[in-house]
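My notes follow the order in which I checked things.

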Amino acid sequence: MKPVRVITGTALPLDRSDVDTDQIIPSDWLKRVERTGFEQGLFSEWREDPDFVLNDPRFAGARILVAGPNFGTGSSREHAVWAIQQYGFDAVISPRFGDIFRNNAAKNGLVPVQVEEETARSLMMWAAGHPPAKITIDVEELTVVCLVAGISADFHLDRAVQHRLLEGLDDIGLTLAHTDAITGFETARPAWMPSLA
């Protein structure tokens, strides 16, 4: 996982609330064996509508998805995060996230930026009316800013999640950071105890 410090990019406004993981990536896409190619399934049922925002060329290359409240509710499929990232998004801004989605996002390096509903609405309206609207998310300072629109807000991340994102640590990386302690523990274990060796 690569470290994430500052994300600056075009915002894509997804003016829908209660977007669940089945809408983000329909269950047909969960049959894939490989972990790539999920960007094609991102909102695939909605993308059949030519007027859907992901089909709007003004938002091509957007890196920040601005969504309504309750984004990522529903089942625990990690594929939803993979689809969002593989499409090119580095962060999702919403007033509320599904707990499992927020955890999956952080573990995969997708920044879940939870802001007040008024802030999210202002960012969404600005992005919709002024494409390509640029937003900057600072993971170190925990701020989201759209200078041109005069919008600036703080957001919260658990310290462990912030550390994980700033250092680019997935679960394996977090474990490997404690290699010396693990080795010391294993060396000191009595020989009669069960072992993997």
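**Entry 1: the model.** I am working from a predicted model.

**Entry 2: the largest pocket.** I looked up its volume, which is about 290 Å³. I then asked which residues sit closest to its centre. They are Met1, Lys2, Gln85, Asn108 and Gly109, out of 15 lining residues. Next I checked the secondary structure. Strand β1 (6–14) and helix α3 (99–108) each give at least two residues to this lining.

Entry 3: I listed its lining as Arg102, Asn103, Ala106, Pro112, Gln114, His156, Leu157, Asp158 and Val161. Two elements, α3 and β4 (111–114), supply two or more of these residues. Which element gives the most? It is α3, with three residues.

**Entry 4: salt bridges.** How many does a search of the whole structure find? It finds twelve. I went through some of them one by one.

**Entry 5: Asp15 and Arg121.** Their side chains meet in a salt bridge, at 3.0 Å from N to O. Why does this pair tie together parts that are 106 residues apart in sequence? Asp15 lies in the loop between β1 and α1 (21–24), while Arg121 lies in helix α4 (residues 117–129). Asp15 is partly exposed at 48% relative accessible area. Arg121 is partly exposed too, at 38%.

**Entry 6: Arg77 and Asp22.** The closest N and O atoms of this salt bridge are 3.1 Å apart. Arg77 is in the loop between β2 (64–67) and α2 (79–87) and Asp22 is in helix α1, so the bridge ties together parts 55 residues apart in sequence. Is Arg77 buried or exposed? Arg77 counts as buried, because its relative accessibility is 14% and the cut-off for buried is under 20%. Asp22 is partly exposed, with a relative accessible area of 35%.

**Entry 7: Glu34 and Arg32.** I noted another salt bridge here, 3.1 Å from N to O. Glu34 counts as partly exposed at 40% relative accessibility. Arg32 counts as partly exposed at 29%.

Key. Residues are numbered from 1 along each chain as its sequence is written. This is a predicted model: local features need pLDDT of at least 70, side-chain atom pairs count only at pLDDT 80 or more; totals for chains, interfaces and linings use all residues. Side-chain values use heavy atoms; hydrogens and water are left out. On a 1 Å grid over the protein atoms alone, a cavity is a set of points where a 1.4 Å probe fits but cannot get out, and a pocket is an open set with protein on both sides within 12 Å along at least five of seven lines; lining residues have an atom within 4 Å of a point. Grid points are joined across faces, edges and corners, and a volume is the space filled by probe spheres set on the points. Helices (H or I, at least four residues) and strands (E, at least two) are DSSP runs, numbered from the N terminus. A salt bridge is a side-chain nitrogen of Lys or Arg within 4 Å of a carboxyl oxygen of Asp or Glu. Buried means under 20% relative accessible area, exposed over 50%, partly exposed in between (1.4 Å probe, protein chains only).
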